[in-house]
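Thanks, everyone. Let me put the structure up, and then I will walk you through it.

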Amino acid sequence: MDDSVKQLLRQIIRKIPSSKLESTLTKWDHLSKRQFRSLDFTQPKWLFCENLLSLCEENDLTVKQVTELDMLYHIEHPNQGTWYACQLVDAEEETLSSELVHFRESFKKHLKYLISHIAVKTKKNDDGSIWIRIAWGDNFTRPNHLKPSYVVHHLQTPYVFVSGLTAKYKTLLHQALVLSTRYRSITDVHLSGRCLSALRDLLMRQYKQVFPTKYPRPLQERNPLPSTPNIENEHMKHTENRLQMAAEVFGDGALPKLETAVYKLETKYRDNGNEMLSGREEPFRGEVRFTSSNLLESLKSCVSSGIACAPVTPLLSSITQKGRNYFVITDKGPGISRPPGPKI
Amino acid sequence: MSLKPYSKLPELNTANVLLVENEEEFQKRLSEAIVRQENSVNVTVRLARCLPLPVENAEGRPRIDLVVFIVHLRSEQSLLSTEASLKHLDSGYFLGKVCFLVTGARSGTVSYERLASIKRTAASLNCPLLMTEDKTTEGVHTAAQRVLNILKVSAGLVPMASGLYLSTLIRCSMPTDSDWQNQD
């Protein structure tokens with residue numbers, strides 16, 4: 001083991017919280033049973049790290065095996081950093097579904113063809129997704145394992161989730177993905193968030209949805225309002241309608257956890273009182289940003305409690321309906337226009 | 001169709017209160033606190049987001065003895081909605097059967113103008129204005145107690161007192177300019 005590998009292992013151990021070290025190392029499986037038993041997880045981290053280093057030195061682990069630890073930790077705890085969603089479009093042949101082995105080989109081959117100094121590691125997760133860890137390097141430098149990019153792709157679906165990717169390597173990754181799957185191009189779907197499973201659920205619609213019905217009976221049964229006969233609500237019907245509408249737009253039960261929604265305004269300033277601004281030719285640029293620990297839940301409760309007026313504006317409802325949380329609003333479009341995303 | 005105070009007959013040992021609030025959260029907690037606190041009198045609470053009340057309920061609605069407008073100083077909408085609702089109330093109610101309940105006055109971030117505006121409205125209508133706390137359980141409990149006290153008088157359940165008499169005593173006074181300076 002040379003110094004760079006040791007440095008890498010130290011960095012990885014530093015990132016993993018002490019409480020999760022044991023479970024992650026159990027999965028890692030590069031230490032013998034005796035070695036694992038000799039580890040003391042109650043030790044301070046630096047001391048633990050030194051002990052672990054000496055054990056790894058005994059086993060003479062390579063960079064590949066050390067990065068596997070980082071990858072295992074990321075697969076177990078994916079909600080770190082921001083994930084961006086991309087969608088593959090224009091399927092070539094529908095009958096041929098891509099296989100895991102084929103995808104893995106061809107992705108590695110294509111990416112290495114585009115840029116030579118990289119390290120790619122793939123792993124299949126239990127839920128059927130493929131995790132790809134890419135450490136990027138330049139023409140003259142070795143792959144930087146300290147700042148890897150993670151790519152998650154569910155085979156049979158057109159969605160790809162990326163985290164930790166710099167703009168420099170974006171096109172390369174997109175190109176490699178397009179070449180190794182049976183699609184013609186890839187676009188950014190303008191959806192990002194910290195929680196990977198939430199993005200996946202939102203795009204694949206794997207949350208409890210409510211559809212408009214003529215007789216919304218079941219809703220009445222779980223209506224929390226009347227508790228005693230002495231309290232009566234005058235606007236009961238109105239309240240029921242609102243709850244139904246909120247559920248139709250945002251879904252029911254536990255909603256996917258999004259953190260932000262951003263609206264970029266490129267519209268003309270409209271206010272009759274202000275001549276200076278409303279008379280201008282160029283658009284008034286602004287950004288509206290909604291932030292919450294669970295944005296969809298907050299918006300839903302705004303609607304169901306009557307703070308926001310119903311019906312819900314299409315700007316808010318398109319977060320769930322279109323699966324995006326970044327919008328550019330211009331004057332000409334029908335409300336929401338899609339900016340030209342990076343296409344290959 | 002505006003709500004009228006004397007269009008229906010009163011029932012024995014019964015007091016009915018109408019809580020008007022454009023958000024429903026505090027209203028619900030307050031109504032539960034009111035119902036739970038009162039044992040000797042049959043108190044009915046009716047909840048509404050705004051006035052006028054829906055016509056289809058008019059038949060079954062009992063005589064309303066007290067209308068409480070809940071105003072959250074945190075939201076401008078709450079103030080506007082209250083002012084709009086006031087127009088749909090019969091003038092008979094303003095003879096001691098209306099009170100205002102203000103929450104969030106202690107928060108330093110709300111503008112004093114809103115409080116002054118609701119005070120001015122209450123003073124011009126000769127109505128009492130209660131300051132309450134909506135975030136804590138004790139606050140809701142106290143608010144319920146105070147609403148109940150006024151309700152019992154305005155429903156005629158307290159001998160020798162009437163709503164008009166009480167509200168003349170405890171009505172809100174017009175905010176003066178010196179109040180402004182004290183706030184600043």
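Which residues of α10(A) are buried? Here they are: Arg242(A), Leu243(A), Ala246(A), Ala247(A), Glu248(A), Val249(A) and Phe250(A). Buried means that 20 or more other C-beta atoms lie within 10 Å of the residue's own; exposed means 12 or fewer, and partly exposed is in between, with C-beta atoms placed from the backbone.

Some housekeeping. This is a predicted model: local features need pLDDT of at least 70, side-chain atom pairs count only at pLDDT 80 or more, and totals for chains, interfaces and linings use all residues. Residues are numbered from 1 along each chain as its sequence is written, while chains are lettered from A and ligands numbered from 1 in the order in which they are written.

Stay with α10 for a moment. The helix covers residues 236-250 of chain A and has 15 residues. From first C-alpha to last, α10(A) reaches 21 Å, close to the 21 Å expected at 1.5 Å a residue. That expected span is 1.5 Å times one less than the number of residues. Just after α10(A) comes Gly251(A), with a positive phi of about 95°.

Now the whole chain. Chain A has 13 helices and 10 strands. These are DSSP runs, numbered from the N terminus: helices are H or I with at least four residues, strands E with at least two. The C-alpha trace spans about 75 × 55 × 50 Å along its principal axes. Of the 344 residues in chain A, 26% are buried. Take the contacts in chain A with a separation of 6 or more: residues 24 or more positions apart account for 69% of them. Two residues are in contact if their C-beta atoms, placed from the backbone, lie within 7 Å.

Next, domains. The bounds come from an automatic or database domain assignment. For chain A it gives domain 1 (3-76), domain 2 (83-202) and domain 3 (239-253 + 260-330). The C-alpha centres of domains 2 and 3 of chain A lie 31 Å apart. Their contact takes 5 residues from domain 2 and 5 residues from domain 3. On the domain 2 side, the largest share, 4 residues, comes from strand β6 (residues 183-193) of chain A. By class, that side has 3 nonpolar, 2 polar and no charged residues. Nonpolar here covers Ala, Val, Leu, Ile, Met, Phe, Trp, Tyr, Cys and Pro; charged covers Asp, Glu, Lys and Arg; the others, Gly among them, are polar.

Look at Leu191(A), in strand β6. Buried or exposed? Leu191(A) counts as buried because it has 24 C-beta neighbours inside 10 Å. Not counting residues up to four places away in sequence, Leu191(A) touches several residues, including Ala85(A), Leu199(A), Gly323(A) and Arg324(A). Gln209(A) is partly exposed, with 14 other C-beta atoms within 10 Å.

On to strand pairing, where two strands pair if DSSP finds at least two bridges between them. Strand β1 (residues 83-91) and strand β5 (residues 159-163) of chain A pair antiparallel over 5 bridges. Within that pairing, Cys86(A) has Val160(A) as its bridge partner. Strand β4 (residues 149-154) of chain A is also antiparallel to β5(A), over 4 bridges. There, Val151(A) partners Val162(A). β4(A) and β5(A) form a hairpin with 4 residues between them, and Gln156(A) in the turn has a positive phi of about 75°.

Another sheet is open, with 3 strands in the order β9-β8-β10 (chain A) and mixed pairing. β9 (284-291) and β10 (326-330) of chain A each have a single partner strand, so one side of each is left without a neighbour in the sheet. Strand β8 (residues 260-267) of chain A runs parallel to β10(A), joined by 5 bridges. Lys264(A) stands opposite Val328(A) in β10(A).

Last, the interface. 12 residues of chain A are in contact with 17 residues of chain B. On the chain A side, strand β7 (residues 231-233) gives the largest share, 3 residues. That side has 2 nonpolar, 8 polar and 2 charged residues. β7(A) pairs in the parallel sense with strand β2 (residues 42-48) of chain B, over 3 bridges. Ile231(A) stands opposite Val45(B) in β2(B).
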